[in-house]
Amino acid sequence: MSEQSFDPQTAPYLDSGDVVEVQRGPEPGGIGGAYRAFGETLRGLKTTMSRLIEGPLTIQYPEEKTPVYPRFRGRHKLHRFEDTGLEKCVGCSLCAAACPADCIRVVAAENIPGERVSSGERYAAVYEINLSRCIFCGYCEIACPFDAITMGHDYEMADYKRTDLIFTKEMLLAEPIERTPLKSEGEGVEDR
Amino acid sequence: MTHLVFADTQFAESIWIMIAKSIVIFAVIFGILPVLTVVERKLIGRFQHRYGPNRVGPFGLLQPLADVGKLISKESFRPENAISTLFILGPLLPVLSGVLALAIIPWGDTKNGVGFYGIDVPIGILYFFAVGSIAFYGLLLGGWSSGSKYSLLGAMRSAAQLISYEVSMGLALLGVIMMSGSLSLVDVVRAQGDVWYIGPQIVGFLIFMLAGFAELVQGFMTEYGGMRFGSFLLVEYMEILVVSGIAAAMFLGGWMGPGPGWLDPIWMLIKMLALVFVFIWVRATLPRLRYDQLMTLGWKVLLPLATLNVLVTAVLVVVT
């Protein structure tokens, strides 16, 4: 058996259809090689020239911003009822419990009749999100039974101090300056 | 076509005109150089779907000012075991060679006893090669005196490459010289009144440009910093300008162009800048050649081609 010579025509795997014949270009060098190199150079020049004609595709970041998708998970927002102006958050701490990064701190307090803060029995006296810990998973949004917290579209949150990244309830409730453009209907679908 | 035409050796100008001419040429070229650096970076950006520098000043035009400011404010560092005088001389020699080579680029014909060029030397092209080769000393000295083996290796590579391409460059220009019968660049341009030599000498043109494209990895610059590094960079752009100028004069009819006579320098400049654009285009397209491939290209492709071109041209010149 060991004497048997290798015959590619009778080799068993050739019929299996798994074998892909390798396509090789012509050998480099020689006059043909020089001719092909010249042709390929011209092709390359054409490619770069068409890049020049098409114009730049980059986005001038600080002035222009990449539009985000509607479900983009950016900085959190706390919400109020539009009619009464009461906070939706009732201080149940479910968001804090759901948070895998443990970055939400809620201290609840009883609502006093006459000066209600939220619609429920209790309200969040302290509501802090440490954005330097947050992983923007959106679990808080899902956990919230009253849709009091949602993820916004803002992603420019860099700051100089870590303490500045702890967002308080007032900062999260404040109407954020909408700095991030939203993708329009259907935009960006084709490049997926 | 039996005798050689030499530049008019009896031609003389008053010294004031010479000084004024040199100042104007110097000012124009050194005005173009910084813009060229921005334009190159911007063009390379556009070739890659980018914008290139556009933050400093309008359209990023003040970018070279910022770059030079940065380079000047940097420490003029010198390695401990570098040879100080040669280390300082390293970047100076290429600058000198570049400025000297500017002198023979013809910007226009002689008018009212004033030649629109720095000097019209009877040995024109030989002057270009002689002066241009001084730059190699700068590279070699800079690389060697840096006291670093990597600089030395880089310098060896650059010098070997430049010398081997210089041969093909010279042979490529030889065809033009045989057709025009003169070494003087002004006479070569005058001889192109009917046909620009890019037509009959297309092979020579391609070889000349290809040899000019040969890009260096600039390994000899390894130990340089600050403005010394800056002057090496400056020289690189100046050499692109000079090579484009020589190519424009030898192959593209120099100052020839429609319009009144005073437009001649403008035409020359346009042709030069068009060639500079081609240089940048090719630079944006092709990757650098590996060193051995580069030598193969120089000695096994360009040199035989250039020799063949010279032979064919010689036969044709004699026959016609």
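**Close-up views of a two-chain predicted model**

**View 1. The largest nonpolar core has 71 residues, and B:Ala247 and B:Met250 have the most contacts inside it.** A nonpolar core here is a set of buried Ala, Val, Leu, Ile, Met, Phe, Trp, Tyr and Cys residues joined through C-beta atoms within 7 Å. Buried means that 20 or more other C-beta atoms lie within 10 Å of a residue's own, with C-beta atoms placed from the backbone. Helices (H or I, at least four residues) and strands (E, at least two) are DSSP runs, numbered from the N terminus.

A word on the model: it is predicted, so local features need pLDDT of at least 70 and side-chain atom pairs count only at pLDDT 80 or more, while totals for chains, interfaces and linings use all residues. Residues are numbered from 1 along each chain as its sequence is written, with chains lettered from A and ligands numbered from 1 in the order in which they are written.

**View 2. Here are the neighbours of B:Met250.** Leaving out residues up to four places away in sequence, B:Met250 touches B:Leu173, B:Val176, B:Val188 and B:Tyr197. Touching, or being in contact, means that the C-beta atoms of two residues, placed from the backbone, lie within 7 Å. There is also a second, separate core of 18 residues, and A:Leu94, A:Cys95, A:Ile104 and A:Cys134 are among them.

**View 3. Chain B and chain A meet through 12 residues from chain B and 11 residues from chain A.** On the chain B side, α1 (15-47) and α9 (264-285) each supply at least two residues. The biggest giver is α9(B), with four residues. By type, the chain B side splits into seven nonpolar, three polar and two charged. For this count, Ala, Val, Leu, Ile, Met, Phe, Trp, Tyr, Cys and Pro are nonpolar, Asp, Glu, Lys and Arg are charged, and the others, Gly among them, are polar.

**View 4. Chain A has four helices and five strands.** Along the sequence they run α-β-α-β-β-α-β-β-α. Of its 192 residues, 14% count as buried. The domain assignment, automatic or from a database, gives domain 1 (24-57) and domain 2 (76-173). Taken over C-alpha atoms, the centres of these two domains of chain A are 58 Å apart.

Terms used
A residue is buried if 20 or more other C-beta atoms lie within 10 Å of its own, exposed if 12 or fewer, and partly exposed in between; C-beta atoms are placed from the backbone.
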